[in-house]
Amino acid sequence: MCGIFGIISTKPDLVVGRQIREGLERLEYRGYDSAGIALVNNGKIELRKKSGRIAVINKHGWFDSTPGQFGVGHTRWATHGKPIQFNAHPHMDCTEKIAIVHNGIVENYQDLKKELLLRGHKFKSDTDTEIFPHLIEEFIAKGFSLKDAVIETVKKCHGAYGVVVIHADTPEYMVVARKESPLVIGIIPGETTYCASDIPAFLPLTREAIILDDDEVAILKPGEVEIFRVYEGTQKEISPFEVSYTMDAAQKTLDGVQFPWYMIKELHEVPQKIKEQVQIPQTDLDEFCKGIMESDHVFITAAGSSYYAALAGKFQITKFGGPYIEAILCSEFIDLVPNIPKNSLIIAVSQSGETADTIEAVRHARDKGDAKICSIVNQIGSSLTRYSDQVLVTTAGPEIAVASQKAFCTQVTALTLIGLRIAELYHTLPPMEIKAYRESLANTSSITKQILLKQGIIKELASKLTEYNNIYFLARGISYAAALEGALKLKEVAYIHTESYAAGESKHGPIALIEEGFPVIFVAPPDQTYSRIVGNIMEMKSRGAIVYSVVSDEDENVTSISDYVIRIPIRKNKYAVETSIVPFAFSLQLLAYYISIKKGLDPDKPRNLAKSVTVK
Ligand code: G6P
């Protein structure tokens, strides 16, 4: 979280402030509570920062008109210190010659700050970040170059950082450093160098990129980059690569249709993205399948929607003949599995590939237990891919709305494909059945398309549900993952308190809250859980709940006892039913979007959230 974008160039007509502001706007998905820019301007630092979103702060061109030759900007997701002006980045040292932006958390900042205060430094913010400029200031006063001062400073910091440092007296270069927080460099050789938390910041300006690794520091000059290893002190050869994707995803237009929000545009991409996912070559899955089948212990780990995709995926892999898989939230992983069993495999699922807890889990499993890491990632080249033995890339493409939706749909599809490939390679299902499952899975693309064509009932129910402050989501079996995803989406984009329970568990507590008019949403496909779900619906109804159910097109029983239903057009056979979790979850994602809109909220950038959660 937090977006960083810096520029150093020899281009004579470059309006640096404006270009940094534009780059920051492309990173706003990483955090958007405050923003700031610092430029080196004829031996001085020109600093502008404020709370709020970039477009509002820059309304009268405040950022664009920052005078200066080169510099850096930051869009923040607050960790240490409220999202107010003086906590916004960049931060400066006592001499006001050094400015710095930071993404990550310095875990030992309190000790370092205490020492700096004792040595007379004045702090202006509550952030952990501010220790950087003061430490660098001290090393420079001792005679270190800016590069060496940054190296000595990061050696003192525990935790995660992506930092960019500029110095008013060093106009020929700036310095970046990275540990566990992403930092990428863009380059136009001989002319301009960019640094950013993510490639989209500079993608419209250059496609040539370099990824900085952990414990590396780089000197950025206009169109020139030198990388050094912090601990070895040696220089590393740079290896630029060409970014293959484009910025089309940054438009709210799809097939000539202009959408009001990214979330609804991206939901409309789901049918195509599922289609692309099921078409990946089967052989791409073989190493993954081999890893799963030849390991003694298989764990799956993720956060947020990716965790719910993981839950659905583990269910499918086991059902199609794979081993039992233990699903663990990545933030709990190191505490729950302190000792990694021998011959373990970890499946890590992540849209961004940058979620700090997911990375911590896989590093723990790899470094402490020698586990094999297989990742399902949407962002090519992200940190998680660098810690993995095998990577399966999902086909969702860039997802801009902060709350995941199309990424979830492709993750579940990818994991289901793995389950079916295991069935094929290890003969756990007859070939005819595998074929039937695969056809049904491919058909979920067309089902989601049909759901998009018939959104009337979803919009109607959205109007009814806006009035509630509390909603339960209940389901059984694999549908529980869909219920969890639906409940999370409603929290994220509509600010409604939701709880999702395995329906059978609802009798053990949650039912105490049911009274006349309490809304309960059931996910009720016609699978083996159906008759038990009917029982759970009756229990809720008889206590006054208003029941909303997501059912199959031809459903009769649940429909007859529900107050309202959303119908999912699935074929009436076990293969279609058992591969239908994505369409069921998708209808709930759509429902959450319309509730958000009816409430007049911003579904793309919900308050307090960020798309890429790079702090633990
Ligand atoms: C954030 C996003 C969620 C996402 C979660 C995990 O909370 O807002 O939509 O599911 O992070 O992110 P990942 O990139 O690891 O899938």
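## Cavities in the model

A search of the whole predicted structure finds 2 cavities of 30 Å³ or more.

## The largest cavity

The lining of the largest cavity is made up of 14 residues, and those that lie nearest its centre are Cys2, Thr79, His89, Gly104 and Thr129. Sorted by class, this lining holds 8 polar residues together with 4 nonpolar and 2 charged ones.

## The second largest cavity

Around the second largest cavity, the lining consists of Leu461, Leu465, Ile521, Tyr548, Ser549, Val550, Ile566 and Leu591. Two or more of these residues come from each of helix H14 (456-465) and strand E26 (546-552), and E26 gives the largest share, 3 residues. In terms of class, the lining of the second largest cavity comprises 7 nonpolar residues and 1 polar residue, with no charged residue.

Within H14, the residues Ile458, Leu461, Ala462 and Leu465 are buried. These four lie on the same side of H14, because they cover an arc of only 110° around the axis. Leu461 and Leu465, two of the buried residues of H14, also belong to the lining of the second largest cavity.

The cover over the buried residues of H14 includes helix H13 (431-453) and helix H19 (581-598), as well as strand E23 (470-475), strand E25 (519-524), E26 and strand E27 (564-568).

Definitions and conventions
Residues numbered from 1 in each chain as written. Predicted model: local features only at pLDDT ≥ 70, side-chain atom pairs only at ≥ 80, totals over all residues. Heavy atoms only, no water. 1 Å grid on protein atoms, 1.4 Å probe; cavity = no way out; pocket = protein on both sides within 12 Å on 5 of 7 lines; lining within 4 Å. Points joined across faces, edges and corners; volume = space filled by probe spheres on them. Nonpolar A, V, L, I, M, F, W, Y, C, P; charged D, E, K, R; others polar. Buried < 20%, exposed > 50% of the residue type's maximum accessible area, 1.4 Å probe, protein only. Arc of directions from axis to C-beta. Contact = heavy atoms within 4.5 Å.
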